[in-house]
Amino acid sequence: MVSLSGSDNWWIFFVFPVPILVVLLLVCCLCCVRNRRKKEEREKAVLYGLITSERFNNAEEIIGFNGSRGRGLKQFSFASILAATDNFSNDNKLGQGGFGPVFKGKLPAGQEIAVKRLSTSSRQGLVEFKNELVLIAKLQHMNLVKLLGCCVRGDEKMLIYEYMPNKSLDFFLFDPARRELLDWKKRYNIIDGTAQGLLYLHRYSRLKIIHRDLKASNILLDNDMNPKISDFGMARIFAQNESEAKTNRVVGTYGYMSPEYAMEGNFSEKSDVYSFGVLLLEIISGKRNTGSYSSERPMNLVGYAWELWKEGRSMELIDSTLSDHSTRPQILRCIHVGLLCVQDSALDRPTMADVLPIIAHQTLPLPVPKQVTIPFQHRVEGANSSGRVRESSAATVSITELEPR
């Protein structure tokens with residue numbers, strides 16, 4: 001009989017607990033993995049509930065919810081976004097929009113990102129959050145900003161985009177010093193790229209999308225100053241056979257909204273064409289549409305451009321920093337196209353499919369723009385300080401003359 005006592009059996013007290021510790025560690029690891037998966041499933045369920053509510057009937061098909069929730073849309077952990085943005089440091093803050101603040105971040109692999117953080121007090125921001133997820137998760141075009149994914153945790157809701165190092169077009173265009181960096185070649189490239197992106201949305205994407213908020217601050221610029229259309233929070237999906245819709249809630253930005261949309265709530269791809277026309281005139285002149293350009297009456301940029309064109313003085317609209325006279329014929333043609341896009345009647349405006357070739361080819365004939373019947377500075381009731389109109393009823397929107405600022 002072997003005795004278990006004595007100094008020769010000391011090892012037994014160490015050998016027996018080891019398997020027990022290993023089992024306990026495995027159980028703990030399994031519990032952690034299980035809890036993490038449950039947390040991820042809860043977050044995906046929250047996201048799923050958000051995007052499939054209200055009017056987003058085909059959201060599952062669009063962003064990839066087909067049995068395994070969240071497939072096709074990357075969900076970032078809240079911890080990873082905190083680390084990427086240095087706990088949402090003010091040093092990383094890129095700006096503040098109606099949606100909420102935007103922060104620059106850097107992922108562990110080195111990729112730079114832009115994080116739009118939904119303001120917890122913004123009910124409209126929640127609508128825009130869902131809109132962005134549903135509308136651009138599957139869109140792929142070189143002139144549209146790329147959505148990388150999202151982050152949802154409790155009240156925290158964030159959208160993660162590719163980072164655009166040169167910020168937005170308005171950062172350069174409306175600054176007296178930085179505007180000089182935009183020669184005509186760069187400006188034309190921005191015009192052409194923006195038109196290409198809009199044409200894709202209207203005609204060639206798997207979804208027919210009306211942007212409804214095209215403006216200089218929503219045109220982002222990459223390293224090479226190539227434009228990318230951003231901010232799809234107010235965009236709407238159209239059926240392929242649908243040409244127009246009507247809303248009682250007018251949203252958008254004062255100065256870029258077409259008359260039929262601002263006054264009656266009617267919108268179509270021609271509404272985006274109107275906004276593109278305003279943007280075109282701003283790019284050429286380096287001036288904001290919402291400024292005042294007449295000492296006699298409060299005339300905005302569209303009205304000013306129209307008056308100059310009627311009097312044969314369109315050259316006066318061109319930004320003084322564009323000093324290369326060899327580009328004048330192309331610039332004057334773009335002014336003409338801009339005026340065609342901002343005609344009062346949607347039926348008179350070209351489509352984006354028409355715009356691209358007439359900008360590119362100098363020999364194509366151009367129709368004469370019809371009278372711009374609202375050429376003066378206006379103010380839409382419900383516009384905030386940035387000019388953005390949020391959920392204004394079309395029945396109560398009014399047009400009144402605005403005193404020069």
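Phe238 counts as buried, at 4% relative accessibility (buried means under 20% relative accessible area, exposed over 50% and partly exposed in between, with a 1.4 Å probe and protein chains only). The model is predicted, so local features need pLDDT of at least 70 and side-chain atom pairs count only at pLDDT 80 or more, while totals for chains, interfaces and linings use all residues. Residues are numbered from 1 along each chain as its sequence is written, and side-chain values use heavy atoms, with hydrogens and water left out.

The structure holds seven aromatic pairs (rings of Phe, Tyr and Trp, the last by its six-membered ring, pair if their centres lie within 6.5 Å; planes under 30 degrees apart count as stacked, over 60 as edge-to-face and the rest as tilted). One of these is the edge-to-face pair of Phe171 and Phe172, with 5.3 Å centre to centre and 85 degrees between the planes. Phe171 is partly exposed, with a relative accessible area of 28%, whereas Phe172 is buried at 7%. Phe238 and Phe267 form a tilted pair, with 5.7 Å centre to centre and 50 degrees between the planes. This pair links distant parts of the chain, as Phe238 lies in strand β10 (residues 236-238) and Phe267 in strand β13 (residues 266-268), 29 residues apart. Phe267 is buried, with a relative accessible area of 1%. The charged end of Arg212 sits over the ring of Phe267, 4.7 Å from its centre (CZ of Arg or NZ of Lys within 6 Å of the ring centre and within 35 degrees of the ring normal). Likewise, the charged end of Lys74 sits over the ring of Phe76, 5.0 Å from its centre. Ring pairs also link Phe78, Phe88 and Phe103 into a cluster.

The chain has twelve helices and 16 strands (DSSP runs numbered from the N terminus, helices being H or I of at least four residues and strands E of at least two). Helix α11 (residues 328-341) has 14 residues and reaches 20 Å from its first C-alpha to its last, close to the 20 Å expected at 1.5 Å a residue (1.5 Å times one less than the number of residues). Eleven of the 14 residues of α11 are buried, so the helix is largely enclosed by the rest of the structure. Among them are Ile331, Cys334, Ile335 and Leu339. The buried residues of α11 pack against α7 (184-204), α9 (269-285), α10 (301-310) and α12 (352-360) (contact means heavy atoms within 4.5 Å).

Of the 405 residues of the chain, 51% count as buried.
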